[in-house]
Amino acid sequence: MWLTYIVTFIFGACIGSFLNVVIIRWREGRKLCGRSSCPHCQKNINVLDMIPIVSFFLLRGRCRHCDKKISWQYPLVEFWTAVLFTFAYYSLAQAGFAINFISLIFLLKVFFITAVLIVVFVSDLRYSLIYDKVIIPACVVVFVLDLIFATFFVPAAQTFFLAGTIMYLKSAIMAVAICAGFFLIQYWLSNGKWIGAGDIWLGVFMGLVLGFPNIIVAMFLAYVGGAIVSLILIALKQKTIKGQVPFGVFLTAATFAAAHWGHIVLNWYLNKFIN
Ligand SMILES: [Zn+2]
């Protein structure tokens, strides 16, 4: 039992290491393949210096060759990816996760969604950017996977073939229309000043991941969280109202929270009405 958690944690840390590469290289329009090198001295990094989380501390946060500081983004993203993957696995295990092919695909889907949220969170926080190259394909992947799941693997209350598909499509279309539609209107009204084009795609992704009515929970959490953090930053005189923390940061955090909270609600509902 504990072993699966440790394996999940290590797997998450390795994926986190890959997410760092995506976040940093795609900002500069570079390719993902090719060896990692120090941004200061350009020397290639040894394989032993690329162990997620561990290497950063062994090197005391400095490049082995030129002694310049390594960004804290590396260990933080690796650590948080590991933690969130482990948490995702834990909540599925609590919900009666069985080890079979379908559950495994479902788990990988949850990991994928978590990874996308982490990339958007970090790139928006650090560079105020949401990469189209990440968010648009992510929407397609989640939509196709959920459509397959809803059609073939959700027997609950299926009275006829495609009943699950129709239920999923209704929920997804409604959620996307509410979330992305709301952002799109703000985008038009403000000429892209209040909200960026990337947020609209993020709205589509959120709608597909959460469905209706969970999307309302996420939007509520994002706006409340955004307001609280902005007030704190203003009180600390860190930021003016104009220079807020990018909204994608709150949207991704709220999506993660709503996805897991929604899971608990769904489980409660299934246990109460089906068993
Ligand atoms: Zn260096």
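Modeller: The overall dimensions come first. A compact globule of 275 residues would have a radius of gyration near 19 Å, and the protein chain has 20 Å, which agrees. The model is a predicted one. Along its principal axes, the C-alpha trace of the protein chain spans about 65 × 50 × 35 Å. Of the 275 residues, 32% count as buried. Among contacts between residues at least 6 apart in sequence, 69% join residues at least 24 apart.

The protein chain contains nine helices and zero strands, and its pattern along the sequence is accordingly written α-α-α-α-α-α-α-α-α.

The protein chain is divided into two parts, domain 1 (1–94) and domain 2 (100–275). Their centres, taken over C-alpha atoms, are separated by 25 Å. To the contact between them, domain 1 contributes 16 residues and domain 2 contributes 15 residues. On the side of domain 1 that touches domain 2, the elements giving two or more residues are α1 (2–27) and α3 (73–94). Of these, α3 gives the most, with 10 residues.

UniProt, in an unreviewed entry, places the feature "domain: Prepilin peptidase A24 N-terminal" at residues 10–91. That span is 51% helix and 0% strand, and its end C-alpha atoms lie 18 Å apart.

Which residues of α5 are buried? They are Val134, Ile135, Ala138, Cys139, Val142, Asp146 and Ala150. Seen down the axis of α5, these buried residues fall within an arc of 125 degrees, so they line one face of the helix. The face of α5 turned away from that buried side carries exposed residues, namely Asp132, Lys133, Pro137, Val140 and Val144.

What covers the buried residues of α5? The cover includes three other helices: α4 (101–127), α6 (163–190) and α7 (197–210).

Notes: Residues numbered from 1 in each chain as written. Predicted model: local features only at pLDDT ≥ 70, side-chain atom pairs only at ≥ 80, totals over all residues. Buried ≥ 20, exposed ≤ 12 C-beta atoms within 10 Å, placed from the backbone. Helix = DSSP H or I, 4+ residues; strand = E, 2+ residues; numbered from the N terminus. Arc of directions from axis to C-beta. Contact = placed C-beta atoms within 7 Å. Rg over C-alpha atoms; globule rule 2.2 N^0.38 Å. UniProt positions renumbered as here; feature names shortened; annotations may be inferred. Domains from an automatic or database assignment.
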